[in-house]
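Student: I would like to go through this model with you. Could we begin with the aromatic side chains and then move on to other topics?

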Protein chains: 2
Amino acid sequence: MATQRILDFLATRRPDGPCLVVDLDVVRDNYLAFEKALPDSRIFYAVKANPAPEILRLLASLGSSFDTASVAEIEMALDAGAAPARISYGNTIKKERDVARAHELGIRLFAVDCVEEVDKIARRAPGARVFCRVLTDGAGAEWPLSRKFGCAPAMAVDVLRHAKSLGLDAHGVSFHVGSQQTDLDAWDRALADAQWVFGTLAEEGITLKMVNMGGGFPTRYLRDVPAAQAYGQAIFSALRKHFGNRIPETIIEPGRGMVGNAGVIKSEVVLISRKAENDNVRWVYLDIGKFGGLAETMDEAIRYPFVTPRDGGETAPCVLAGPTCDSADVLYEKTPYPLPLALTIGDEVLIEGTGAYTTTYASVAFNGFEPLKAYVI
Amino acid sequence: MATQRILDFLATRRPDGPCLVVDLDVVRDNYLAFEKALPDSRIFYAVKANPAPEILRLLASLGSSFDTASVAEIEMALDAGAAPARISYGNTIKKERDVARAHELGIRLFAVDCVEEVDKIARRAPGARVFCRVLTDGAGAEWPLSRKFGCAPAMAVDVLRHAKSLGLDAHGVSFHVGSQQTDLDAWDRALADAQWVFGTLAEEGITLKMVNMGGGFPTRYLRDVPAAQAYGQAIFSALRKHFGNRIPETIIEPGRGMVGNAGVIKSEVVLISRKAENDNVRWVYLDIGKFGGLAETMDEAIRYPFVTPRDGGETAPCVLAGPTCDSADVLYEKTPYPLPLALTIGDEVLIEGTGAYTTTYASVAFNGFEPLKAYVI
């Protein structure tokens with residue numbers, strides 16, 4: 001997945017230390033694939049996945065909208081050229097003063113999942129559109145989905161009714177099937193819940209208009225994943241099944257699916273050792289770890305593909321760890337990673353599929369190590 | 001544990017957003033308590049716990065030495081006024097060019113746990129002192145201790161013999177009993193291993209001189225922990241038991257024990273909600289979470305004390321979560337946290353015992369949120 005442009009950049013520039021290189025051509029291809037797969041859905045790029053200005057500018061120029069998590073992300077999307085009408089404040093957890101600030105910046109679309117959040121928006125962004133997130137079970141997703149966001153469908157009805165009563169535009173329902181979701185049926189189950197909320201409120205004369213189908217679109221790590229086209233078909237079928245010929249406006253919020261496979265991290269083998277003479281597991285220490293950008297290896301959730309200059313020869317299982325003095329900074333230990341026996345201290349290792357959820361997770365300076373550098377080409 | 005000075009600072013300055021406030025008087029008291037409890041040990045402050053320049057300068061002025069994890073931390077310790085002879089490069093995972101850079105800066109004391117690392121030091125820091133870290137089981141520690149650092153005692157003998165053969169000073173043995181270690185016997189078990197390495201090499205005519213007893217000294221979170229004096233007595237007894245009247249030079253490396261209880265994080269309640277009408281668990285969302293400085297809540301390992309303006313009234317269990325759009329950004333869910341029923345959105349919450357391992361863990365900008373600010377007073 002390291003494109004020729006990325007390989008050429010690394011060969012020519014020889015950057016020192018670990019770094020991420022993102023190929024904008026891949027981002028463009030991903031955007032066009034989503035557009036083609038779901039032609040009737042508006043695409044809101046999840047800025048949190050990778051807020052590099054070059055990525056935001058490219059997507060803004062392609063016509064993308066933006067899902068943001070904070071006022072800072074709203075400002076980044078505006079700076080990239082997106083009009084306020086193309087920006088959603090998608091975090092269900094907002095300080096009231098941040099709601100006010102977003103409203104000042106022209107934002108009119110807000111996520112909620114409880115009446116308390118509706119109250120804030122009614123006070124500080126009067127008349128705005130709100131959509132209520134409903135809980136899903138997250139089955140089939142690789143990155144854990146807790147109950148942190150969303151509420152039960154029955155409560156979503158109350159929340160949206162409350163919004164309407166306060167003069168807000170009860171605009172729709174959102175859900176998230178869980179990140180790196182490879183089970184196509186997950187959208188079907190969530191859309192059934194969304195339709196139930198639509199139908200229940202319609203009986204009271206409240207007409208919802210929009211379903212925000214969130215993200216979850218996977219990127220390819222070690223296993224093949226269904227292509228955007230397959231997701232598009234599955235989602236369209238589910239919409240048709242649940243909403244008949246009254247399909248609402250829809251939104252998708254790809255993040256990982258938009259930029260994950262566009263980036264490669266260049267790393268270096270700092271040390272290879274064993275813990276005892278007769279130990280049959282090697283420990284391989286890289287110059288990047290859990291606190292330097294690979295936070296998604298938490299509980300070994302995301303398993304990245306590694307490319308080494310010794311590939312092709314015999315391999316043996318390794319424990320992979322980062323460079324810090326933190327014993328929790330271990331990437332893969334429960335399921336050791338097969339790496340070439342010939343791997344040597346100083347070798348350059350490419351970590352593929354790292355365009356999303358890496359740079360911004362990096363710690364500011366843990367153990368004195370600099371945050372992950374990024375080059376967008 | 002919020003001192004009057006910290007409370008006065010917060011009341012006067014009213015900083016916006018989450019922030020850490022560290023009281024240097026507490027750091028000074030902790031240093032003096034370690035010095036009194038272990039009068040024959042040199043104190044190497046673990047810079048990674050909190051590298052704030054004010055803390056490093058205070059400790060340098062008190063006579064502390066410094067345990068560093070990277071060239072950047074070495075430079076910080078030097079900038080704070082520590083002479084190179086008072087700095088240890090304590091990371092067992094070092095790039096060879098970083099060993100060279102440390103040597104140029106005057107560093108002569110290096111940690112190793114394998115022959116490969118010894119080779120780097122022999123090439124780039126000829127004649128330096130090395131100490132070999134041995135594995136311990138970490139039983140009794142609250143923060144997980146993996147097998148990432150150290151080697152079996154039998155291998156430590158080989159590693160130190162190898163160092164000697166390459167012209168290095170085979171200086172001693174180190175261990176780490178695991179962070180937030182409350183079992184006083186942990187040091188006894190580790191010192192038994194250290195003595196075995198000393199004795200085995202002595203038979204070959206190699207005389208080790210130093211035992212680095214690492215950190216692990218706990219700070220008080222929710223439960224009382226033994227005082228420095230109790231650790232001092234337990235460690236001295238164990239040294240006497242295993243080394244008789246030939247007690248070697250000793251080093252300790254407190255980090256959490258030096259600064260943990262000196263800091264308090266000021267946070268704000270952003271949202272309190274439920275997931276369904278009949279839900280009996282409230283979700284309390286703060287403006288700081290796992291990616292904003294509270295990384296040690298990973299797997300709910302460290303349980304911080306919270307102080308709210310509603311304390312004293314009736315409490316009920318809450319799930320505590322951070323402000324980001326990441327479903328993994330939940331602090332306490334498996335074991336919900338009892339908080340006052342009267343707790344209200346906008347309330348200021350103090351998180352105590354947060355002077356160590358918070359600011360530097362914070363992500364650069366996850367979800368657009370700024371890294372944790374710190375004030376050292």
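Tutor: Ring pairs join Phe34(A), Trp187(A), Phe217(A) and Tyr231(A) into a cluster. Please keep in mind that this is a predicted model.

Student: How many aromatic pairs does a search of the whole structure find?

Tutor: The search finds 30 aromatic pairs over all chains.

Student: Which helices do Trp187(B) and Tyr231(B) lie in?

Tutor: Trp187(B) belongs to helix α8 (residues 185-202) of chain B and Tyr231(B) to helix α9 (residues 228-243) of chain B, so the pair ties together parts that are 44 residues apart in sequence.

Student: Is Trp187(B) buried or exposed? And Tyr231(B), buried or exposed?

Tutor: Trp187(B) is buried, at a relative accessible area of 1%. Tyr231(B) is also buried, at 2% relative accessibility. For buried residues the value must be under 20%.

Student: What about the rings of Tyr332(B) and Tyr337(B): what is the angle of their planes?

Tutor: Their planes are at 40° and their centres 5.6 Å apart, so this pair is tilted. Tyr332(B) is buried at 0% relative accessibility, and Tyr337(B) is buried at 6%.

Student: Back to α9(B). Which of its residues are buried?

Tutor: The buried residues are Tyr231(B), Gly232(B), Ile235(B), Ala238(B), Leu239(B), His242(B) and Phe243(B). They lie on the same side of α9(B), because they cover an arc of only 135° around the axis.

Student: Why would residues three or four places apart point the same way?

Tutor: An α-helix has 3.6 residues a turn, so residues with that spacing point the same way.

Student: What covers the buried residues of α9(B), and which exposed residues does the face turned away carry?

Tutor: The cover includes α2 (24-37), α8, β8 (210-212) and β9 (249-252) of chain B. The face turned away from the buried side carries the exposed residues Gln233(B) and Lys241(B). After α9(B) comes Gly244(B), with a positive phi near 60°.

Student: New topic: which ring does the charged end of Lys275(A) sit over?

Tutor: It sits over the ring of Trp283(A), 5.1 Å from the centre. In chain B, Lys275(B) lies over the face of Trp283(B), at 5.1 Å from the ring centre.

Student: Lastly, what rotation superposes chain B on chain A?

Tutor: A rotation of 180° with 0.0 Å of shift along its axis superposes them, with RMSD 0.0 Å. The two copies are therefore related as by a two-fold rotation axis. Of the residues of chain B, Ser363(B) comes closest to that axis, with its C-alpha at 2.0 Å.

Notes. Residues numbered from 1 in each chain as written. Chains lettered and ligands numbered in written order. Predicted model: local features only at pLDDT ≥ 70, side-chain atom pairs only at ≥ 80, totals over all residues. Heavy atoms only, no water. Phe/Tyr/Trp six-rings, centres within 6.5 Å; stacked < 30°, edge-to-face > 60°. Helix = DSSP H or I, 4+ residues; strand = E, 2+ residues; numbered from the N terminus. Buried < 20%, exposed > 50% of the residue type's maximum accessible area, 1.4 Å probe, protein only. Lys NZ or Arg CZ within 6 Å of the ring centre and 35° of its normal. Least-squares fit on C-alpha atoms with pLDDT ≥ 70 in both. Arc of directions from axis to C-beta. Contact = heavy atoms within 4.5 Å.
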